[in-house]
Amino acid sequence: MCGIVGAIAQRNIVKILIEGLRRLEYRGYDSSGLAVINDKKNLIRFREIGQVHILAKEVEKHNIVSNVGIAHTRWATHGKPSKKNAHPHISEYIAVVHNGIIENYQELREQLKKQQYIFNSETDTEVIAHLIHSEFKEGYTLIEVVKLIIPKLKGAYGIVIMDRRTPDLLVAVRYGSPLIIGLGIGENFLASDQLALLHVTHHFIYLNEGDIAEITCKKVNIVDKQGINVERKPIKVDIQYNFDNKGIYNHYMQKEIHEQPLAIKNTLHGRFDQNNNVIFTELDKKAQNILSKVEHIQIIACGTSYNAGMVARYWFESLAIISCDVEIASEYRYRKPIRRKNSLLLTICQSGETADTLAALRLSKNLNYLASLAICNVLGSSLIRESDFSLMTKAGIEISVASTKAFTTQLTVLLLLVAYLIRLQNKNILFERNIVKALYNLPFHIENIFLQEKNIKSLAKDFSSINNVLFIGRGDQFPIAVEGALKLKEISYIHAEAYPAGELKHGPLALVDTNMPVIIIAPNNKLLEKLKSNIEEIHTRGGLIYIFTDKNAGFINSKNMKIIVLPNIEEFTAPIFYIVPLQLLSYYIALIKGTNIDQPRNLAKSVTVE
Ligand code: AGP
């Protein structure tokens, strides 16, 4: 959600902080701010509403030179997006940036008010600054005071604290929200995401839950939640990413849609042996042994990743003959779920930092699953570190808040896993052979969709003044309808709902009239004839029909009906294929509507709070 950057160095860190914020902007973009201690030991703060470039412009005017500072880009939780609610928050000599939520902030606020503290914001963060200030007594160090206040904070948080009186030091705490330390030579950094620091280092320490870190230019000291000094091994991260380079594209989303054939190829790379059997080098003998016994799979995820899980349920059950349930993490974590016999917990998460998915994973540790397996796009993320095993998607960095290539690479890994389980558990090898073949062909088929991009772009004009859209599909295309509707809502702000086509007459058909567009995903598969009957029901009621289909499905144009004929595709990979034209359609509709496509209102890339 919010983004945090901190730096302590022997050079001027102002530009480092600003560049870090710019790289984190996709995580939250309501407002941003920074605080530094200058050479005269003054604490200086800048805060602005809106995007980071507005803050950067303001900071630039003042020619600040500083060796230590903290910065923040905000996604509002407590208190509306405004200058006074933007971080850092200050209590005299203490400055704090915070990611997460302090649940008992009202109570703390009241207590602090009684001690004559004056609150200048509506945020939960300001209590942290005042609380630290209030605990300082003669001779106390910053770290001692931080240790004192931690038991008083309820909730999930990552915080970085700076004290004007000790400008050679930053203190960071990780409790539920990710924080990493970037290691330099004679300089060190902090951030909520490694991407924020790739311009200054590729060496990182990932803090564990409950860690408190003291960072100077030359040293990093970490104590764990038991208060014991610990060494955390630095990891070298080899990611290269040019944040200024959208290439020939206008938006990251457009670029990422077009990167899908390559992202899928990368995800497949190294995952077949010389006999074209699926291999996962990440899974050791122990993991293989566990997977060979799995009789049930419980999938947990949020948003687009949940939709990938919904597709996978069809695959696990019909191809690998393994029963499967899929649940939204925020629901699962507050139920009393009953674990089925010989069950695997499978989490799916692009960022590896989604708070609800992580909480569900932690909860599952008491439920005696055979193991937890994560499918994730970010190496070193909390999800990967806390799961028993993990399989990486190789989508590359996804910047656009609307997920595209993460989804199709998640589905690619899931289908690989289905093939892997079929072989491991001696199920129908013909399915496995056909899955492998279909996956090989998939990037090429997706390339062909882009030949139709102009048609999809012109179709988008039909939706420029529409307020509601229905998406329908059947079988494993139903979750694709759900994902298509999510994309449209997210970036064009058009209300969109998805239904299994057979469910229409149980209610939603009442919505269909001559103003209601219905987008239908209709490849030629065994459910096509059933789907055609549902289409007829919409047609007779005057609904505006848009059918995404293939040559063999045999649709004939008629009034109020537009047919988008796509290349034929193997049945197994059809869900991965059919989301691409829907992503393009949403993109072009949003383009016409003039919304902020890469950073849609009210959203953030990685949801690290509940
Ligand atoms: C997708 O377009 C969304 N922005 C969102 O639903 C996202 O998929 C969800 O927040 C889950 O994220 P994760 O995969 O990082 O857990």
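These legends walk through several close-up views of a predicted model.

The model is predicted, so local features need pLDDT of at least 70 and side-chain atom pairs count only at pLDDT 80 or more, while totals for chains, interfaces and linings use all residues. Residues are numbered from 1 along each chain as its sequence is written, and side-chain values use heavy atoms, with hydrogens and water left out.

View 1. Helices (H or I, at least four residues) and strands (E, at least two) are DSSP runs, numbered from the N terminus. Two strands count as paired if DSSP finds at least two bridges between them. E2 pairs with strand E3 (residues 43-49) in the antiparallel sense over 7 bridges, and Val36 has Ile44 of E3 as its bridge partner. The hairpin of E2 and E3 has 4 residues between the strands, and Lys41 in this hairpin takes a positive phi near 65 degrees. E2 and E4 also run antiparallel, joined by 8 bridges, with Asn38 opposite Ser66 in E4.

**View 2. Ser82 in a loop.** Look for Ser82 in the loop between strand E4 (66-74) and E5. Its relative accessibility is 12%, so Ser82 counts as buried. Leaving aside neighbours within four places in sequence, Ser82 is in contact with Ser31, Ile49 and Arg74, where contact means heavy atoms within 4.5 Å.

**View 3. Helix H4 and what covers it.** Helix H4 spans residues 125-135; 10 of its 11 residues are buried, so the helix is largely enclosed by the rest of the structure. Among the buried residues of H4 are Glu126, His130, His133 and Glu135. Their cover includes strand E5 (89-91), strand E6 (94-102), helix H3 (105-114), helix H5 (142-149) and strand E7 (155-163).

View 4. Strands of a sheet pair through backbone hydrogen bonds, either parallel or antiparallel. In this view 5 strands form an open sheet in the order E17-E16-E18-E19-E20, with parallel pairing. Strand E17 (323-328) and strand E20 (389-392) are the edge strands, each pairing on one side only. From one strand to the next, the twist averages 20 degrees. Strand E19 (residues 371-376) pairs with E20 in the parallel sense over 4 bridges, and Ala374 stands opposite Ser390 in E20. H9 packs on the sheet, touching strand E16 (296-301), E17 and strand E18 (343-349), and its direction makes about 170 degrees with that of E17. H13 packs on the sheet too, touching E16, E18, E19 and E20, and its direction makes about 160 degrees with that of E18. Axes are lines fitted to C-alpha atoms, for helices over the stretch in contact, and angles run from 0 to 180 degrees between N-to-C directions.

**View 5. Helix H9 against helix H13.** Two packed helices are described by the angle between their axes and the distance between the axes. The axes of H9 (residues 303-318) and H13 (residues 405-424) come within 9 Å and cross at roughly 25 degrees. That makes H9 roughly parallel to H13; angles under 35 degrees count as roughly parallel, over 145 as roughly antiparallel, 65 to 115 as roughly perpendicular and the rest as oblique. The residues that meet include Val311, Ala312 and Trp315 in H9 and Leu411, Leu414 and Val418 in H13. By class, this contact of H9 with H13 has 12 nonpolar, 4 polar and no charged residues. Ala, Val, Leu, Ile, Met, Phe, Trp, Tyr, Cys and Pro count as nonpolar, Asp, Glu, Lys and Arg as charged, and the others, Gly among them, as polar.

View 6. The axes of H9 and H16 come within 8 Å and cross at roughly 170 degrees. The two helices, H9 and H16, are therefore roughly antiparallel to each other. Residues making the contact include Asn307, Met310 and Tyr314 of H9 and Val482, Glu483 and Leu486 of H16. The residues of the contact of H9 with H16 divide into 8 nonpolar, 3 polar and 2 charged. Ile480 lies in H16 (residues 478-492), and at 0% relative accessibility Ile480 counts as buried. Not counting residues up to four places away in sequence, Ile480 touches Val311, Phe407, Ile521, Pro575, Tyr578, Ile579 and Leu582.

Technical notes:
Buried < 20%, exposed > 50% of the residue type's maximum accessible area, 1.4 Å probe, protein only.
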